Amino acid sequence: MLRKKPDVDVILDVLNEFLAIYPDSPFVKSLLSQYRERGSLSKRQLEGLFLKAVDIQKITPSKLATLEAVIKKKAFKSKAAPPPPKPLYEKDTATGDKIDAILAKYPEHKRVKFFQAQYQNNVQLSPLEQTELERFFKLLVK
């Protein structure tokens, strides 16, 4: 983390003042060790520190304001809503129309009834079955 003035560290000052007031606080100890190791804290950790530091009268308002500015400067991560689910299979309306047209003329045609059962059960017709249906449509309807 690059700082403009490395000698001024408001977060470390607030942590040290907080530790001086509450020396047995495990929250402050863990934040201080993480800050020394990594050089920064996450936005949620800083928010927790700020909420606890607001209650203490010994910490100056300028340091609290600077801490709040650092929190607001941090990026806000939010998860985008997942896209709506798409159906696994979309019915081909042209195929359904061809099947209906053939069965309107010849309601007992067994092969086309088989295609209709597959179509209604959302089973895709193979390319061979598609060409067979096309052939039936050309012969029987047109």
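This is a predicted model: local features need pLDDT of at least 70, side-chain atom pairs count only at pLDDT 80 or more; totals for chains, interfaces and linings use all residues.

**Walking through the helices**

Residues are numbered from 1 along each chain as its sequence is written, and side-chain values use heavy atoms, with hydrogens and water left out.

Back to K98, which sits in helix α5. Helices here are DSSP runs of H or I with at least four residues, and they are numbered from the N terminus. What does K98 touch, leaving aside its neighbours within four places in sequence? The partners are L133, E134 and F137, where contact means heavy atoms within 4.5 Å.

Helix α5 covers residues 93-105 and helix α7 covers residues 127-140; their axes are 10 Å apart, and the packing angle is about 45°. The axes are lines fitted to C-alpha atoms, for helices over the stretch in contact, and the angles run from 0 to 180 degrees between N-to-C directions. The pair is therefore oblique, given that angles under 35 degrees count as roughly parallel, over 145 as roughly antiparallel, 65 to 115 as roughly perpendicular and the rest as oblique. The crossing of α5 past α7 is left-handed, meaning that the near helix is turned anticlockwise from the far one by less than a right angle; clockwise would be right-handed.

On the α5 side of this contact are T95, K98, I99, A101, I102 and K105, and they meet Q130, L133, E134, F136, F137 and L140 of α7. By class, the contact of α5 with α7 has seven nonpolar, two polar and three charged residues. For the classes, Ala, Val, Leu, Ile, Met, Phe, Trp, Tyr, Cys and Pro count as nonpolar, Asp, Glu, Lys and Arg as charged, and the others, Gly among them, as polar.

How do helices α1 and α2 cross? Helix α1 is residues 10-21, helix α2 is residues 26-38, and their axes come within 10 Å and cross at roughly 150°. The two helices are therefore roughly antiparallel, and their crossing is left-handed. From α1, the residues I11, L12, L15, N16, F18 and L19 meet V28, K29, L31, L32, Y35 and R36 of α2. The contact of α1 with α2 divides into nine nonpolar, one polar and two charged residues.

Next, the cores. A nonpolar core is a set of buried Ala, Val, Leu, Ile, Met, Phe, Trp, Tyr and Cys residues joined through side-chain atoms within 4.5 Å. The largest one has 19 residues, and I11, V14, L15, L41, L49 and L67 have the most contacts inside it. At least two residues of this core come from each of α1, α2, α3 (43-54) and α4 (61-73). The biggest share is from α1, with five residues. I11 touches Y35, L41, L46, L67 and V70, not counting residues up to four places away in sequence. Another core, of 10 residues, lies apart from it and includes L103, F115, L125 and L133.

Last, a few single positions. Q118 is in helix α6, residues 110-120, and at 15% relative accessibility it counts as buried. Not counting residues up to four places away in sequence, Q118 touches V123, L125 and E129.

N122 is in the loop between α6 and α7. What is its phi? The phi of N122 is positive, about 60°, although N122 is not a glycine. Most residues other than glycine have a negative phi. N122 counts as partly exposed, at 41% relative accessibility.

K72 lies in helix α4 and, at 63% relative accessibility, counts as exposed. The C-alpha atoms of K72 and K43 are separated by 8.5 Å, with the two residues 29 apart along the chain. P127 is in helix α7 and is exposed, at 65% relative accessible area. The C-alpha atoms of P127 and Q57, 70 residues apart along the chain, are separated by 78 Å.

Conventions
Buried means under 20% relative accessible area, exposed over 50%, partly exposed in between (1.4 Å probe, protein chains only).
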